[in-house]
Amino acid sequence: MIDWSIIISIILLLISDYILFRRNENKWVKGKTKYLYIVSLITFVILVHIANGSAFYMKGKGKVDNIWERYTNSNGYAYYFSINGLVALGIYSIVETTWEAQELTEQEITTIENYIESHGNHYTDNSYSVPERKNLILIIIESLNSWVINFKIDNIEITPYLNQLCCQNNSIIALKVQPQVKDGRSSDAHFMYNTGILPLRKGAVAMRYGKTSYPSLAKALRNYVTIEFICDNAKFWNQTVTASSYGFENLYDRNYIPHNGADVAKDGEMFQLATTVLKTTKQPFYAQLVTLSMHQPYDKPIVPATAISQSNQYSAEIKNYLEAVHYCDSELEKFIRNLKEADLYDNSVIAIVSDHDEVDKNVIEHRKRVLPEDKEVALIVLNTPYTIKYQGKLGQIDVYPTLLDIMGANHYLWKGIGQSIFRKNENGQTNFDEMWDISSLLITKRYFKDNNINEIPN
């Protein structure tokens, strides 16, 4: 229907042209008549947009704050065009470009610097690091809720391998991580894990500010080879651009992976390519691997069925999700086994994290009310000097400083907005509203572009 609004806009333009210019032998319509036509057309357009905004608000009740949000919230120009049309996109892009061109004010700089001074991570010791320079392999699992770990259906373990890893020595296990992604979903998780900054409350950072210069995990790991592997086309979520912004030197997407003509590569295919590439990559390296096979929707089978699908418990959608989790767990086991065979495992810290929640625990318990613990996601870090089962609350924002601690990269000046799992509450009570506000300023006003916070102190 939004496509019709473009045609209607053209028709209204032609009508206006005829009424105001062509009538009466190319003479202007004068007096009140002219203004009546103009006001009527403007009123009609405003009423259409109020109706569109109201429909969007009612459909997204609880997730949408007001009727104007569809016109102020963007996940990129393609998305904005698809829901609002050409004219609205033209106006929005002009306003956005003007807003983004604004420089940081002295007051905003003072606000940021006061926050960093009071609440920033200023330590430089590497008390919690691995004893030597190891590789870092960060595996970001699509749509992994913590409740699936150690979950069974008809006595079938959904994640037998993850269950095993959670009992392994020299591992850090945290299954009570609160998701903090917003409109950018997976891309917001990639942003937090790589930069230690919270995403925008509205809109996707990757789409709106993907080209911005950020401090990052890849930049902190001095003299590391940096590689990213993804299952989809790098054009999605602007990943071609963000990979460079986050400091990755090499990016392998579906175009490098045998995928039998499918839109995306399967997790197993991506893991196999990563194994092949990493075998010949100079060490130490930082490799980020992003899975996709667990992505919704779950209205049809995503992967080959197992005995899970034969169960009489739960709906078909839930079983399809569990099948996808089971498949990813199996492919993860194969990947880590291949790392061991390639003599890469012992020399690597392997961090496994969820990108966001998807099927929350209340769904399988048939509860309408959603509790924070229903949304919890996972952080599992292998080959560390510690064996920790962390029972406290974490946010996704805490992953970045935790990895800096483990990798011995605290020489890097920017240690993120969150707190390392080893140093929780050292800076006192966390004020999340203030954290979101500061993160928004850092992103939208491009604070890092003109500041030396990327620099490594001597």
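Visitor: How many helices and strands does the chain have?

Guide: Helices (H or I, at least four residues) and strands (E, at least two) are DSSP runs, numbered from the N terminus. By that rule the chain has 15 helices and 11 strands. This is a predicted model, in which local features need pLDDT of at least 70, side-chain atom pairs count only at pLDDT 80 or more, and totals for chains, interfaces and linings use all residues. Residues are numbered from 1 along each chain as its sequence is written, and side-chain values use heavy atoms, with hydrogens and water left out.

Visitor: What radius of gyration does the chain have, and what would a compact globule have?

Guide: The radius is taken over C-alpha atoms, and the globule rule is 2.2 Å times the number of residues to the power 0.38. For 458 residues the rule gives a value near 23 Å, and the chain, at 25 Å, agrees with it. The C-alpha trace spans about 85 × 60 × 45 Å along its principal axes.

Visitor: Which residues touch the most other members of the largest nonpolar core?

Guide: In soluble globular proteins, nonpolar side chains tend to be buried together. Buried means under 20% relative accessible area, exposed over 50%, and partly exposed in between (1.4 Å probe, protein chains only). A nonpolar core is a set of buried Ala, Val, Leu, Ile, Met, Phe, Trp, Tyr and Cys residues joined through side-chain atoms within 4.5 Å. The largest one here has 63 residues, of which Tyr214, Tyr286, Trp414 and Leu442 touch the most other members. Apart from that core lies another, of 53 residues, including Leu144 and Val325. Over the whole chain, 50% of the 458 residues count as buried.

Visitor: Which peptide bonds are cis, and where do their prolines lie?

Guide: The angle to read is omega. It is about 0° for the cis bond that joins Gln283 and Pro284, and near 15° for the cis bond from Gln296 to Pro297. Pro284 sits in the loop between α11 (267-279) and β7 (285-290), while Pro297 belongs to the loop between β7 and α12 (316-341).

Visitor: Where does Asp154 lie, and is the residue buried or partly exposed?

Guide: Here the angle to read is phi. Asp154, although not a glycine, has a positive phi of about 50°. Asp154 lies in the loop between β2 (152-153) and β3 (156-157) and is partly exposed, with a relative accessible area of 42%. His366 also has a positive phi, near 55°, in a residue other than glycine. His366 is found in the loop between α13 (361-364) and β9 (377-382) and counts as exposed, at 66% relative accessibility.
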